[in-house]
Amino acid sequence: MTERKITATVSDRADVVILGAGPAGLLLGNLLQGDGIDCVVLERGSGEHIRTRARAGFLAAHTVRILQRHGLADGLTRHGRPHSTCEFRSEDGRFRLDYSTLGRGERHTVYPQQDLVSDLLRHYLDAGGRIRFETEALAVHGADGDRPEVEVRTPDGGTARWRARYVAGCDGRHGAARRSLPPGAARHHLDHGVTWLGLLAEAPPSLDAVGYAVHPRGFAGHMARTDTVTRYYLQCAPDARVEDWPEERIWDELSLRMRTDAYGPLRRGPIGQCGIVHLESDVIEPLRHGSLLLAGDAASLISPSAAKGANLAVLEAELLARALADALLHGDPAGLDHYSERCLAHIWRAQEFSQWMIRLLHGPAGTDGAARFHDSLRRSRISALRDSRAQQDWFAEHYVGVRLP
């Protein structure tokens, strides 16, 4: 990358500068703070924004274990709800899987991501952690050396620099960490050719399960968030706009695709947040570039079809915190040397399962011979998941996640 001339002066220093206050950045900050390592979190948004930004809500078993291990699970212990049932609906009927009785016998905990972020932020601040809101990282300079600097735009519109020993890029796919990668960094990208309308309904869940409905008109999904809020997904045209989908049309289409005539009505309510989601996946390789290390969505973007994004972020943050502590406190670089390799093994496994779920839930476009062939494969996958214990065990193990040491 071509570096711009910097006119700002260095305003502050930390051993580790963390970009982004999502699950990865805040968990990393908490773990480093607990080890007595000087760190700071730089977040472009406001505190109110990160506390209210609705995202994923299904925490895998390994995520819960990590949070419990570090004393950060008080909120989800009080308010999280165990979940272990999927219901699949298609032209061949419906069936349910209690995946806590399959595979490794693990389940999810439903806990909205904004609540997890609020918990992590509270713990971090209570322990004396430093965070700078409305401070946008613009670029990382000197990552190939041992004193990288982060150029930022401050809340008053000026610029400043933070000097660090390491920079942890947890600021997403469009953040400064990715923009600052050297030319040799590889980005593996896949557009799945599927678009969803994602929405939050102010309505109680209509199922005591995650609902996956496959229909000739497209996929529909039902995921409980709280007792009064439900997330729904509707497959739509790639060029769809939110304004094309008034509430009445959304509820009618959800009812049709989820076959409510056969299986019972949906509980309706006002629709709050609503947006277009293009299903894409990408992976940066490697995840370490000198003193710059990536985690969370900056490391990999995964489609929401299998609820892996936040769970990968937590896994990566713990691995990175351990590696940084070994390097900074004990002079042992082995963890940092192997950080990328260890994370990528989990990332690619999650990507493979996400791809499998996309093929399971979405029929092909068109009506030609090739489309009919692929649609028959999709129906065969659903049939195998319904009837084969071996297939169900495989699904359960990968759906919840891989057991960690």
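How many nonpolar, polar and charged residues does the lining of the second largest pocket have? Sorted by class, there are eleven nonpolar, twelve polar and nine charged ones. Keep in mind as you read that this is a predicted model.

## The second largest pocket

Let's stay with that pocket for a moment. Its volume is about 780 Å³. Its lining is made up of 32 residues, and those closest to the centre are Q235, H362, G363, P364 and A365.

Where in the chain does the lining come from? Four elements each supply at least two lining residues: strand 12 (186-201), strand 15 (230-236), helix 10 (334-361) and helix 11 (369-387). As for how such a space is found at all, rolling a probe the size of a water molecule over the atoms shows where empty space is left.

Look at the pair formed by strand 12 and strand 16: they run antiparallel and are joined by twelve bridges. To find your place in that pair, look for L199, which stands opposite C274 in strand 16. Here's a handy thing to know when you look at any sheet: in a regular strand the side chains alternate between the two faces of the sheet.

Strand 5 (residues 85-90) is where you'll find S90. Is S90 buried or exposed? S90 has a relative accessible area of 5%, and since the cut-off for buried is under 20%, S90 is buried. Leaving out residues up to four places away in sequence, S90 touches V214, R259 and I382.

Helix 7 itself covers residues 247-257, and its buried residues are I250, W251, E253, L254, S255 and R257.

What do those buried residues pack against? The list has strand 12, strand 13 (210-213), strand 14 (220-224), strand 15 and strand 16 (271-285), along with helix 8 (260-263).

Now follow a run of paired strands. Strand 9 (residues 136-141) pairs with strand 10 (residues 149-153) in the antiparallel sense, over five bridges, and A139 stands opposite E151 in strand 10. Strand 10 also runs antiparallel to strand 11, again with five bridges joining the two. On that side, E151 stands opposite R161 in strand 11. The hairpin of strand 10 and strand 11 has five residues between the strands, and in it G157 takes a positive phi near 90°.

Strand 11 also pairs with strand 18 (residues 292-294), this time in the parallel sense over three bridges; here G169 stands opposite L294. Why call strand 9 and strand 11 largely enclosed? Five of the six residues of strand 9 are buried, so the rest of the structure largely encloses it. For strand 11, eight of the eleven residues are buried, so it too is largely enclosed by the rest of the structure.

R173 is partly exposed, with a relative accessible area of 25%.

Which residues is R173 in contact with, leaving aside neighbours within four places in sequence? They are R178, R187, H189, E280, D282, D297, A298 and L301. With E280, the side chains of the two residues make a polar contact (3.5 Å). R173 and G296 are 123 residues apart along the chain, and their C-alpha atoms are separated by 9.0 Å.

One more sheet to find: an open one of three strands, in the order 3-7-4, with antiparallel pairing. Strand 3 (58-59) and strand 4 (81-83) are its edges, and because each has a single partner strand, one side of each is left without a neighbour in the sheet.

Strand 4 and strand 7 (residues 108-110) run antiparallel and are joined by three bridges. In this pair, R81 stands opposite V110 in strand 7.

Notes
Residues numbered from 1 in each chain as written. Predicted model: local features only at pLDDT ≥ 70, side-chain atom pairs only at ≥ 80, totals over all residues. Heavy atoms only, no water. 1 Å grid on protein atoms, 1.4 Å probe; cavity = no way out; pocket = protein on both sides within 12 Å on 5 of 7 lines; lining within 4 Å. Points joined across faces, edges and corners; volume = space filled by probe spheres on them. Nonpolar A, V, L, I, M, F, W, Y, C, P; charged D, E, K, R; others polar. Pairing = 2+ DSSP bridges. Buried < 20%, exposed > 50% of the residue type's maximum accessible area, 1.4 Å probe, protein only. Contact = heavy atoms within 4.5 Å. Polar contact = N/O pair within 3.5 Å; in protein donor to acceptor, adjacent residues only side chain to side chain.
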